[in-house]
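Here are my notes for your first look at this one. Have the structure open while you read, and take the points in any order.

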Amino acid sequence: MDLLRRASIRYSPQLNKFAKRSFTHPKLPSDRLTAPSALLHGIHVFHCPDEVGIVAKLSECIASKGGNILNADVFVPEKENVFYCRSEFVFDPAKWPRDQMDDDFSKLGKMFNAMRSVVRVPNLDPKYKIAVLASKQDHCLVDLLHAWQDSKLPVDIIAVISNHDRCANSHVMRFLERHEVPYHYLNTTIDDKNEGDILNVVKDTDFLVLARYMQILSGNFLKSYGRDIINIHHGLLPSFKGGNPSKQAFDAGVKLIGATSHFVTEELDEGPIIEQMVDRVSHRDNLRSFVHKSENLEKQCLAKAIKYYCELRVLPYIKNKTVVF
């Protein structure tokens, strides 16, 4: 207590003025203030003939520009002279400009005769532009639209194409109108699939998504389009191909049902598989609950396949397979 009294007695106006003085740092010339650049996230995939030293050169390419590898997945299949790698890294764009990054990885690709060398910086590169094709059933379409609205998928949906004429007051049409996404109703017949009109709509897209589009795209269409097309099959391929696989599986009394996302090829439901998901069913399920479980799987499986594709996780492997990192 005596110490506190002595401290209060020694209070002076000069001390009070000092206490009220603002403690501000002196201003420095603007050229001396250099804010550090925010680090950005990059993804690189590499597919080339296998040889010694590929990983070392990939690491050197990133590290020499001040980048830091966060993770790297490597796959060299047994008895196959091929090398697959997917790397995620952070870098300073001030030290490694985006154009220079493309050049550096391009040189690396030429060095190893790469079949594929792709780099992507999600925060700088434009989102993938896609068109979604759907028929009457719209559970997959609606799920994709809401995932896109919530920024859960790194894509821009620039058009929806359908062979089904939806009511203007339907949930889908109101959603598309609100977000200014064009809806193209293109009627199809056995003799005319309107593929020329579809090609005109999708000419500026990066890839297509078939969200329960119940039409078979011809080989001519696939060649003319020339880019990847992702399909959702409401069944666990290779079982129950073709139409109404849920009814086929229900009648067969299966205990596991599934959904398959795959690339579209000229052979029906034979394209390389990207993702598969399963759920258990039992004798207690009727056809209605069976179909409900199947539709939930389809939505999840298609969304996962699109996300994997955009994140450069999917690479072609051998004849009809994929590497999915």
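Which strands each supply at least two residues of the lining of the largest pocket? I get to that in point 2.

1. Ground rules. This is a predicted model, where local features need pLDDT of at least 70 and side-chain atom pairs count only at pLDDT 80 or more, while totals for chains, interfaces and linings use all residues. Residues are numbered from 1 along each chain as its sequence is written, and side-chain values use heavy atoms, with hydrogens and water left out.

2. The largest pocket. The strands are β9 (229-233) and β10 (256-263); β9 gives the most, with 3 residues. Strands here are DSSP E runs of at least two residues, helices are H or I runs of at least four, and both are numbered from the N terminus. The space in the pocket comes to about 360 Å³. A pocket is an open set of points on a 1 Å grid over the protein atoms alone, where a 1.4 Å probe fits, with protein on both sides within 12 Å along at least five of seven lines; lining residues have an atom within 4 Å of a point.

3. Who lines it. There are 23 lining residues, and Y213, Q215, N231, L268 and D269 are the closest to the pocket's centre. By class, the lining has 9 nonpolar, 9 polar and 5 charged residues. (Ala, Val, Leu, Ile, Met, Phe, Trp, Tyr, Cys and Pro count as nonpolar, Asp, Glu, Lys and Arg as charged, and the others, Gly among them, as polar.)

4. α5 on α10. Helix α5 (residues 139-149) packs against helix α10 (residues 287-310) at about 45 degrees, with the axes 9 Å apart. Axes are lines fitted to C-alpha atoms over the stretch in contact, and angles run from 0 to 180 degrees between N-to-C directions. That makes α5 oblique to α10. (Under 35 degrees counts as roughly parallel, over 145 as roughly antiparallel, 65 to 115 as roughly perpendicular, and the rest as oblique.) Touching here (heavy atoms within 4.5 Å) are H139, C140, D143 and L144 of α5 with E295, E298, K299, L302, A303 and I306 of α10. These residues split into 5 nonpolar, 1 polar and 4 charged.

5. α9 on α10. Helix α9 (residues 245-252) also packs with α10: their axes come within 10 Å and cross at roughly 125 degrees. That makes α9 oblique to α10. From α9 come S246, K247, A249 and F250, and from α10 come L287, F290, V291 and S294.

6. α3 on α4. Helix α3 (residues 54-63) and helix α4 (residues 98-111) pack at about 165 degrees, with axes 11 Å apart. That makes α3 roughly antiparallel to α4. K57, L58, C61 and I62 of α3 meet D104, F105, L108 and M111 of α4, a contact with 6 nonpolar, no polar and 2 charged residues.

Note on methods: Grid points are joined across faces, edges and corners, and a volume is the space filled by probe spheres set on the points.
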